[in-house]
Structure formats: structure tokens, C-alpha cells
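Thanks for making time this morning.

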Amino acid sequence: MIKAARRRLDLADDTGATLVLALILITVVALVVGVLLSFGDSSVRTTVALRGQAAAVYGSDGAAAAAITALRRSPFNNNTSSPTHPKCFGAGLTADTLLLNDFYPGTTGGAASSAAVECTADPNTGAAGGLVKINDGNKPGNAILTMGANPGEDGVNIKALSSSFPFRVHGSVVSNSNIRVTNGSLESNVGVYARTGCSGAIVSTPPPACSSGPTADPGYQSEPAFGSPANAVPTYRPVPAVAATNCPGGVMTFQPGYYDDGQALSSLMSNSGGSCKDSVWWFTPGIYYFDFHNSANPLLGGSDVWTVSSGQLVAGTPTNAAGTVLAKPASPSTIPGACQNPIKDENATGVQFIFGGDSQLRLTNDADAEICATYHSDRPPIAVYGAKTGAEALVPTATVKPSTVVNPPAPALFDSATVTASNLAEEADSAGAVWTKTATGNQTASFTLGGYAPAPVIPAGSVLNSATLRVVYKNSAGASGDVRTVVLTPTAGGAAITSTLPSTASTVAQTALINLYSGGVGPLATAVHTYGFTGASMAYSTRLAHTGVETVDALQLDLGYTPPAFRAQDGAIPGGNCLTSTYTGGGGGQCAVLSMSTGYSGRFYIQGTTYTPKAVIDLTLNNITSQVLRFGVVARSLWVKETGSITYNGPVIEVPDNSPGFGPGGTVVYLNVYLCQAASSCTAATGKLSLRARVLIYDPTATPNPPARQITIQSWAVQR
């Protein structure tokens with residue numbers, strides 16, 4: 001009994017509890033230590049990984065810095081036509097890649113890393129900027145801005161070649177009406193905004209906004225607005241004749257001025273242009289005002305359309321493919337690149353083509369055209385400008401009178417004392433030139449007056465609307481058969497015009513009104529149009545067969561004319577203005593200020609801003625190789641159709657990016673850094689692209705000069 005009780009007491013003993021507690025403690029400690037060891041291992045692995053990433057970043061940065069140092073010290077070749085361009089790190093044919101073997105030391109005793117830096121010129125320097133100073137003050141705010149809001153008229157109408165080659169734009173696309181893409185897609189690197197809707201494929205960042213608010217006209221002024229005197233119409237220029245002497249070496253030269261004969265320009269630049277066919281039509285730098293009056297001026301005839309169907313139109317300072325300024329263009333010229341470009345050279349001196357009234361420029365067949373504007377630091381380089389305001393003003397009939405006596409009469413004929421400008425200036429003033437004829441038989445007396453200068457003088461290019469010679473005369477004998485003539489010779493130029501006065505048997509003063517207008521196609525109309533009218537001489541001659549007193553009381557000229565003036569593109573035109581018609585693609589009385597024929601296969605480029613807010617632009621582009629409209633376009637409506645076998649995939653219309661602009665010697669390059677970690681060598685093929693930088697290189701002189709070279713880093717992007 002005693003043993004059983006003792007066994008029951010042993011079961012309640014706690015002698016083994018300590019062991020259990022020890023085991024529990026050991027287990028907990030083991031778990032904690034295990035977790036801590038796990039965290040430590042992860043931390044070590046993370047540290048190692050981060051150290052590797054940091055090494056990659058630092059190695060890439062160091063490689064790019066080494067490449068920039070090499071650029072600063074190397075004789076970089078800026079000549080884009082050179083076979084060694086763009087060899088950034090020397091003159092060798094393979095010197096466009098900098099090899100940096102064992103460049104960055106290894107981490108934690110590992111092998112060193114290597115790098116290769118590949119240097120390539122920016123293929124889109126216009127979009128990249130950097131060659132000239134470009135800022136918000138001298139570039140448009142949008143690549144495309146259309147101002148029209150006509151019902152039934154598209155603001156922007158784009159027909160891209162295919163889905164493989166979208167119609168790309170560098171800059172904003174803004175329409176105060178709609179945007180329609182009929183084929184392919186429209187792509188902008190920034191925003192696309194329409195006021196009354198979008199249709200078709202449109203890609204932009206941010207996405208297209210198709211119900212945006214209106215955008216105001218930037219209100220650019222033409223070059224004449226900055227002249228002295230301001231807004232003066234340029235000097236009239238006749239179109240050169242088709243003659244081999246006018247196109248030596250296949251180049252015909254045009255001078256700045258006012259041109260009013262689109263038909264003559266078309267005939268000259270046609271496939272049947274005679275000895276000058278297929279010439280380079282060189283428009284030297286300056287202001288050109290095209291206001292064609294073919295439909296209104298009977299001297300001209302034809303339509304108000306200038307058609308270029310052969311040759312190459314080059315407008316501005318001529319250059320070769322390397323950008324070197326030439327004395328005159330090569331024939332044939334390389335287009336684009338035939339004239340000094342304001343997006344590449346701050347010294348660019350070009351043209352401004354101003355179109356007034358319903359004047360139009362149209363290209364057909366395979367004719368080429370490149371129009372280059374003048375660079376300005378404070379306003380856009382406008383190459384094509386559409387007149388927004390202005391109208392012609394008819395000058396009513398003005399009477400011009402003599403002011404001098406050029407040739408006094410011979411002795412014993414007209415009394416010299418009576419042949420004065422004042423006696424012959426006014427009619428019916430009881431004073432005039434007198435010849436008292438006492439001899440019998442035929443006898444002729446004459447005198448010549450000068451002056452007849454209108455105030456102001458009539459400028460060349462004016463359209464004569466009326467011209468009347470007014471002569472007051474009489475003879476005391478009252479005999480018929482007298483012969484009286486007046487010869488008018490314009491001072492500025494033109495043929496002499498002989499008029500015979502009516503014979504009279506009356507002794508009363510007669511007033512002869514001789515019409516010199518001749519339907520607007522006579523010699524005086526031709527002289528006024530070609531040379532202007534600054535005055536004239538008037539020779540009066542009388543042949544008498546009887547005795548009597550001959551009196552000439554007045555010799556006057558009445559003129560009515562219309563001088564050249566800037567005419568708004570939406571102004572009223574005799575016979576109608578097709579530019580104001582709602583545009584749905586052409587035809588039916590519609591027209592565009594710039595257009596191409598359906599089968600146009602030439603090359604067309606505008607190096608500068610295009611500004612025609614009152615008129616439509618309709619372009620057919622075939623086989624383009626670079627940006628077509630540089631520095632943006634502002635129009636009432638813009639239509640673009642791409643045809644042919646275009647392989648160019650860059651922006652067709654653009655505004656350049658802002659840039660500091662070091663001048664004409666700058667070149668933009670990309671530096672692509674390829675990194676090979678823990679490797680003794682590296683190439684672009686074996687490395688990983690780890691960094692991309694964009695760098696502007698500028699040599700102040702034409703010859704590369706490393707000590708004076710300036711380097712600007714435009715972007716620096718680490719690649720993940």
C-alpha cells in the first residue's frame with residue numbers, strides 16, 4: 001500500500017520541467033536566428049545587386065563623360081558632305097565609336113567592366129534644333145494651325161500614303177474647325193486639337209482633343225511692314241523674255257519686286273519654254289510680291305495662276321549640298337539643300353513670297369521648288385505670306401499740264417513770247433501760243449512742251465484706265481485742210497504716240513479730245529504699265545497753206561489709273577475670287593494659293609514659315625526625303641496628299657525645338673553608351689545599351705578648333 005501511494009506521488013513530481021523549457025527556448029532562439037540569418041542573406045544579396053546596378057550607372061556615366069571629353073579634344077568633322085562625317089573621335093573611317101576596354105573597376109574583387117560609345121549625327125536636325133537660336137519669339141506656336149471655320153470645309157485634310165508610313169508632324173496640330181484623315185494616320189509628337197471634331201486615325205501625346213476652343217491668328221506681319229517706308233509695294237518687275245541670253249548656264253535670274261503677270265511666268269517655266277526650258281529659276285534674296293492681274297488687265301490676258309511645269313525653282317541664297325554659299329545655283333540643283341536654310345544658319349538671307357488678290361502658285365509634272373526664308377531672332381522666318389489686308393484704289397482722272405518749254409519755235413513762226421507753259425496750261429484763259437502767218441504757201445510751225453508730271457508720279461505696274469489728250473486751238477482764216485499733229489513721248493520710257501487733230505473750218509476755238517486709252521492695250525497703256533509715268537514731252541505742229549492767225553490755247557493730258565497695292569487674299573476681284581470659295585478638294589470655282597497637280601512628281605520644300613490665314617494650301621507630295629514645311633504652317637485650310645513610293649518616315653511638317661543656337665557651325669549628335677560588365681572588351685554588338693545622350697558640338701570657326709570648342713548636353717537618359 002505504501003509503494004502504490006509513493007508511485008502516485010512521483011507522477012506529480014516536476015523534476016523534468018526544466019528540460020522542456022530548455023528545449024522550447026532553444027527552438028525559439030533557433031527560429032529567430034534563422035530569420036535573422038535569412039534577412040542578412042537577402043540584405044547581402046540586395047547590396048551586391050545594388051552595387052552592380054550602381055556600377056552600371058557610374059560606368060555608363062563615366063563612359064559618356066569620357067566620350068564628351070574626347071569630342072572636346074578631337075578634330076570633329078562638321079562637314080556633312082565629307083566621307084569621314086560624322087567621325088566624332090578623329091578622322092579615321094571607324095572613329096565614330098570610342099572603345100573603353102577595362103574602363104570601370106570591378107566590384108568586390110571582380111573583373112573590370114568595358115564600354116563602347118557610339119556617336120551618330122542627328123538625322124533630324126530641324127526637329128532637334130541646336131544649329132541656330134530658336135525660341136518662342138521666332139517660331140510659331142504650332143506646326144499646323146488652320147484658321148478657317150467655313151461650314152463644309154475641312155480645317156485639316158490628310159491623306160497619308162499608307163499605315164506603314166504615317167503622316168508625322170513635329171509640333172502641335174490645331175484646327176479651328178475639324179481634322180479629317182482619309183487614309184493612313186496622322187501622328188504628332190505632342191498634341192492634336194480640333195474645334196468641331198476629328199475623323200480617321202490620329203495619334204498624339206496627349207490623345208487628340210476634338211472639341212477644343214478657338215485659337216487666335218498669330219497676326220504675323222510681312223517683311224514690307226518692317227521697311228522704310230513701311231508697307232511699300234516693291235518695285236515692278238517685268239518677266240524676263242525667253243532668250244538664251246537670259247538663262248546662261250541653265251540659270252535664269254529674277255530680282256526682288258512686284259510681278260503681276262502669272263501667264264508670262266507660266267509660259268517661261270513650261271515644258272515648251274524654248275531655249276530656257278528646264279532651267280533653274282533663281283529668285284535672288286529679297287521681297288517678291290505676286291499679284292497677278294491677267295484676268296483684269298487687258299494688256300496681259302490669261303489666268304491669275306503661275307504654273308511651274310519644268311525646271312527647278314530655287315528662291316534664296318544658293319548653296320551646295322554641304323551648305324556652302326554659291327555665287328549662283330548649280331544647274332541642276334540638289335533639292336532640298338539648294339538654298340541657305342534659316343533653320344541651319346543664322347546668317348541665312350532668303351526671300352519672302354507675298355501673294356495678293358487671287359494669285360496662285362501651282363506645280364505640275366516633275367518641276368522642283370525650294371523656297372528659303374531669312375532668319376530672324378525676333379520673328380519667324382516667313383517664306384510664303386498671304387496678304388490679309390489692303391485693296392486697290394482707282395485714281396480718278398487727273399489732268400497733267402506742261403511746266404516747261406523744251407524747244408521754242410523757230411523765228412518768224414510761233415511768237416516766242418507767247419509760247420510759255422502758263423499760256424498753254426489752261427484752256428479758255430484768253431492766252432495761248434500765237435503764230436501770225438503772212439506768207440502764202442505751205443508752211444509748218446512747231447514747238448515742244450515738257451513737264452506733264454502727275455503728283456505723285458504713276459509707278460510702273462499701274463493699270464491705265466483712261467487717257468485723253470485735250471487740245472484747244474483755232475485759226476482766224478476758218479479754212480479747212482489744215483494739218484495739226486501732237487506727238488506725246490513719255491519720259492520714263494515707251495513709244496512716241498502721234499495724234500492728228502480734227503480739221504475745222506470754224507474760226508471759233510475747237511476742243512479736240514483724243515482717246516489714247518485704246519481699250520487698255522495701246523502704246524500709252526503699255527508704257528504706263530512697263531515704265532510708269534513720270535511726265536512727258538508734247539510736240540505740237542501746224543501746217544498751214546493760207547494766211548491767218550493760228551492760236552493754241554491749251555495742251556493737256558487727262559489720266560485715270562490704278563497703282564499697285566497690296567490686296568487681301570479674301571478681297572473682291574473683278575470676275576470673282578476663287579480663293580474665297582469653300583474648298584472641298586478643288587474644282588468648281590475653288591482654288592488654293594499653293595497647289596500641285598494630281599500627277600505631280602517633283603520635289604517641293606519650304607524652308608521657313610508658311611503664313612496664308614485667308615487662303616487654302618493643297619499639297620501633293622511625291623517621294624519626299626525630309627521635312628517639307630519647316631517652321632510651321634498657318635492657313636485657312638490645309639490639304640496634304642502623299643503619293644509615290646515614299647520611304648521617308650520622319651516629320652513632314654514641323655516647328656523646331658527651342659535651342660541656344662551657337663551658330664552655323666553646330667552639329668547635333670547622339671552618344672549611345674553600351675556597357676559590358678565584367679568583360680575585358682566591348683562593342684555596340686556585344687554590350688547593353690545603358691545610356692543615351694544628345695550633344696551639340698560647336699566650333700566657332702569653320703576649321704575644327706578643339707581648344708575653343710563648345711559642348712552643350714541637350715539630354716541625358718539612363719536606359720533600363
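Let me begin with burial: a residue is called buried under 20% relative accessible area, exposed over 50%, and partly exposed in between, using a 1.4 Å probe and protein chains only. By that rule Ser-185 counts as buried, since its relative accessibility is 10%. Please keep in mind that this is a predicted model, in which local features need pLDDT of at least 70 and side-chain atom pairs count only at pLDDT 80 or more, whereas totals for chains, interfaces and linings use all residues. Residues are numbered from 1 along each chain as its sequence is written, and side-chain values use heavy atoms, with hydrogens and water left out.

Ser-185 sits in strand S7, residues 179-188, where helices (H or I, at least four residues) and strands (E, at least two) are DSSP runs numbered from the N terminus. With contact taken as heavy atoms within 4.5 Å, and leaving aside neighbours within four places in sequence, Ser-185 touches Ala-160, Pro-166, Phe-167 and Ala-201.

Now to the cores. In soluble globular proteins, nonpolar side chains tend to be buried together. I use nonpolar core for a set of buried Ala, Val, Leu, Ile, Met, Phe, Trp, Tyr and Cys residues joined through side-chain atoms within 4.5 Å. The largest such core here has 76 residues, and the members touching the most others are Phe-254, Phe-283, Phe-290, Trp-306, Phe-353 and Phe-604. A second, separate core holds 37 residues, among them Tyr-452, Ile-458, Ile-514 and Tyr-540.

What does Trp-306 contact, once its neighbours within four places in sequence are left aside? Its partners include Phe-283, Phe-290 and Phe-353, and also Gly-262, Ser-266, Gln-360 and Arg-362.

Helix H6, residues 523-531, has Leu-524, Ala-525, Ala-527, Val-528 and His-529 as its buried residues. Their cover includes strands S24 (463-475), S25 (483-490) and S26 (497-500), together with S29. After H6 comes Gly-532, with a positive phi near 80°.

Turning to disulfides, each being a pair of cysteine sulfur atoms within 2.5 Å, the count comes to 5, and I will describe some of them. Cys-198 and Cys-210 are joined with an S to S distance of 2.0 Å, and because the torsion about their S-S bond is about -110°, this disulfide is left-handed. Cys-198 lies in strand S9 (198-203) and Cys-210 in the loop between S9 and strand S10 (251-254), so the link ties together parts 12 residues apart in sequence. Cys-198 is partly exposed, at 27% relative accessibility, and Cys-210 is partly exposed at 27%.

The disulfide between Cys-339 and Cys-372, at 2.0 Å from S to S, is right-handed, with 70° about the S-S bond. Both Cys-339 and Cys-372 are buried.

Cys-578 and Cys-591 also form a disulfide, with their sulfur atoms 2.0 Å apart; the torsion about the S-S bond is about 90°, so the link is right-handed. Cys-591 is buried, at a relative accessible area of 7%.

Finally, the surface: Val-718 lies in strand S38, residues 710-718, and is partly exposed at 35% relative accessibility.
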